[in-house]
Amino acid sequence: MATKRLARQLGLIRRKSIASANGNLGRSKSKQLFDYLIVIDFESTCWNDGKRHHSQEIIEFPAVLLNTSTGQTESEFHAYVQPQEHPILSEFCMELTGIKQTQVDEGVPLKICLSRFCKWIHKIQQQKKIIFAAGVSEPSTSEVNLCAFVTWSDWDLGVCLEYECKRKQLLKPVFLNSWIDLRATYKLFYRRKPKGLSGALQEVGIEFSGREHSGLDDSRNTALLAWKMIRDGCLMKITRSLNKVSNLASGDKLLFFLQQEFGYFFNFFHGTYRTLLQNYTSVEVYLPFTDNPKPKLLWVCPVIFGDPVVPLVKKMAIISLCFVFTQVWLSLACLQGKNYNDCMLNTASQTVTTEK
């Protein structure tokens, strides 16, 4: 008995849960690192024509908020997304996902969907005192509740959303840069390779509910599986992180917001302004609200006027353009001030990073 007790303490063996899939009996007494999990399972454009397609687009964006103490789903987000690179769904895609052409036609572009999703995130953050943390190794002892994202494989956040945002020049919310791959966690915890989400559910005694390859149904079933694993003693940990720093400086948040709101127009001003200043000054230029919360724009005037190489007329033109760009920049920020405070970027300021 002493040997078995020691082996259990070292984690070499673990107790088997005798609870049913939806019951609360048999729960592990170990404290979870995360008080809430948000399960995501995208559906995207797809084909079965034998050709290689490099630009899959999200067409269904679901999220399910799971309480790791009770196993209850406390909130859901769902939206159909309008594909722009390949607006017409293939027959194979519609048959596989059950999503109709009219549903994506009436959906919203990914940019708007991300904005709505982040407003939902901000709402549940306020209601449930949720913050996002990467690299935590101890349960939270404060009044706030730690939260992490869960996906079935790394594809949803590490491939699909990541590359679509890059192609469309959308900045992905920073809290989506870290997540728990439940498939990898399942394989490690149960020491067996799952045969898909449906197969994994069957192996632990849970019947898949709803339609497979429906994003919302897949998310709900993934949440059920996560809850079953928690009750069996599995400690949910972040398995993948795309960046080491999860929080944004205030300047980066405004840059993020302006780019999301004004798209190409904003990118043009950002690139032109930087190039103009760096070409005619001998200092590293930090644009207002972007690279550094304490911009060094004030250095521009004395450097330009002190440079004998730059003609006086060109000096005056540069100063005038700098002034105009700065006014436009500040006007956009002030104009959108209220929306900015309510938008997705508000969540970034509440994101925390805990070093291991």
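Predicted model: local features only at pLDDT ≥ 70, side-chain atom pairs only at ≥ 80, totals over all residues.

Reader: How many helices and strands are in the chain?

Author: The chain has 13 helices and nine strands. Among contacts with a separation of 6 or more, 70% are accounted for by residues 24 or more positions apart.

Reader: Which residues of the largest nonpolar core touch the most other members?

Author: In soluble globular proteins, nonpolar side chains tend to be buried together. Here the largest nonpolar core has 33 residues, and those touching the most other members are Phe34, Leu37, Leu182, Leu225, Met229 and Met236. Strands E1, E3, E5 and E6 each give two or more residues to this core, as do helices H6, H7 and H8. Its largest share, seven residues, comes from H8. Apart from this core lies another, of 32 residues, including Phe42 and Cys147.

Reader: What does Leu182 touch, leaving aside residues up to four places away in sequence?

Author: Leu182 touches Val150, Thr151, Trp152, Thr222, Leu225, Ala226, Met229 and Met236.

Reader: Which helices do the buried residues of H7 pack against?

Author: In helix H7, residues 196–203, the buried residues are Leu197, Ser198, Gly199, Ala200 and Leu201. The buried residues of H7 pack against helices H6 and H8. Just after H7, Gly205 adopts a positive phi of about 85 degrees.

Conventions
Residues numbered from 1 in each chain as written. Heavy atoms only, no water. Helix = DSSP H or I, 4+ residues; strand = E, 2+ residues; numbered from the N terminus. Contact = heavy atoms within 4.5 Å. Buried < 20%, exposed > 50% of the residue type's maximum accessible area, 1.4 Å probe, protein only. Core = buried A, V, L, I, M, F, W, Y, C linked by side-chain atoms within 4.5 Å.
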